Amino acid sequence: MSKITAILLAAGKGRRMKSDVQKQYMLLNGKPLIWYSLDTFEKSPVDEIILVVGPGEVEICRKNIVDAFGFKKVSQIVEGGEERYDSVYEGLKAAEDADYVLIHDGARPFVTEKIIADNIETAERERACATGMPVKDTIKMVDVDNYAIFTPTRDHVWLVQTPQTFEYPLIREGYEKLMEKREKEESEDDRFEVTDDAMIVERLMRTKVKLIRGSYENIKITTPEDLVTAQGFVEIQQG
Ligand code: CTP
Ligand code: MG
């Protein structure tokens, strides 16, 4: 049997939320935002959850979230880093004995057990997969002066979400390569900007990543208006 580990990210500063309480701990219907994805992963087939939190927050998270709500699958709580990819790297180092890892943004409370199950099944077959949805709006590529230069067919343009799931050695090696590159880069200009985990596997491991459908509700809570949408989704779920 393969060991399946989820890395749940909650080490961001939530700058765009502009609130006093960090967004992962803001209350949504009486529960901290991070509770929602923890609860779904807890009920899913994953074997363990590694929670990545901000510097100095390990003990408070253990007490106020993991123990308080009785989450049993959280095997480790580790400190993240400055950028999202630093936090993922810390999670990966803590997941040493995993066969597959799902990497998920704690700021996406509406991940479902089906999305998690589909991720696991696809990663076992394809080695690497990412959750997403085809865009609803028309997307245009523009030149430096904002003149439209290309309008891709909507079916072929997806918004990318998490979880993203990989064979452990594949994503670990990808991240080792990224960290080596980071040490050699001299200026911000030659930086390879990392916005999701799949691109590390695509570019640095030259391995294809299969996109699978998540849902339009699987939003990332980023700015204050997202909380209004999230409140609406919670009310619908509770009927
Ligand atoms: N994240 C993390 N470590 C970081 C940065 C981000 O674990 N150094 C996590 C966040 O906690 C979040 C997810 O990555 O669950 C997606 O990041 P984002 O939505 O950008 O959250 P923040 O970085 O917290 O917000 P902002 O960019 O507005 O500051
Ligand atoms: Mg961020």
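How many residues surround ligand 1, and which are the closest? Ligand 1 is surrounded by 18 residues, and Gly14, Arg15, Arg16, Ser87 and Lys220 are the closest; a residue counts when one of its heavy atoms lies within 4 Å of the molecule.

This is a predicted model, in which local features need pLDDT of at least 70 and side-chain atom pairs count only at pLDDT 80 or more, while totals for chains, interfaces and linings use all residues. Residues are numbered from 1 along each chain as its sequence is written, chains are lettered from A and ligands numbered from 1 in the order in which they are written, and side-chain values use heavy atoms, with hydrogens and water left out.

**The ligand site**

The shell around ligand 1 divides into nine charged, five polar and four nonpolar residues. In this division Asp, Glu, Lys and Arg are charged, Ala, Val, Leu, Ile, Met, Phe, Trp, Tyr, Cys and Pro are nonpolar, and the others, Gly among them, are polar.

| Residue (backbone N or O atom) | Distance to an oxygen atom of ligand 1 |
|---|---|
| Lysine 13 | 3.1 Å |
| Glycine 14 | 2.7 Å |

A polar backbone atom of arginine 15 is 2.7 Å from an oxygen atom of ligand 1. Taken alone, ligand 1 exposes 560 Å², and the protein buries 89% of that (Shrake-Rupley method, 1.4 Å probe). Strand S1 (4–10) and helix H3 (84–94) are the elements that give two or more residues to the shell around ligand 1; helices (H or I, at least four residues) and strands (E, at least two) are DSSP runs, numbered from the N terminus.

**Elsewhere in the chain**

The structure holds 16 salt bridges, each a side-chain nitrogen of Lys or Arg within 4 Å of a carboxyl oxygen of Asp or Glu. One of them joins aspartate 105 to arginine 84, with the closest N and O atoms 3.0 Å apart. This pair links distant parts of the chain: aspartate 105 is in strand S6 (residues 100–105) and arginine 84 in helix H3, 21 residues apart.

The peptide bond from threonine 162 to proline 163 is cis, with omega near 10 degrees. Proline 163 is in strand S10 (residues 158–167).

Technical notes. Polar contact = N/O pair within 3.5 Å; in protein donor to acceptor, adjacent residues only side chain to side chain.
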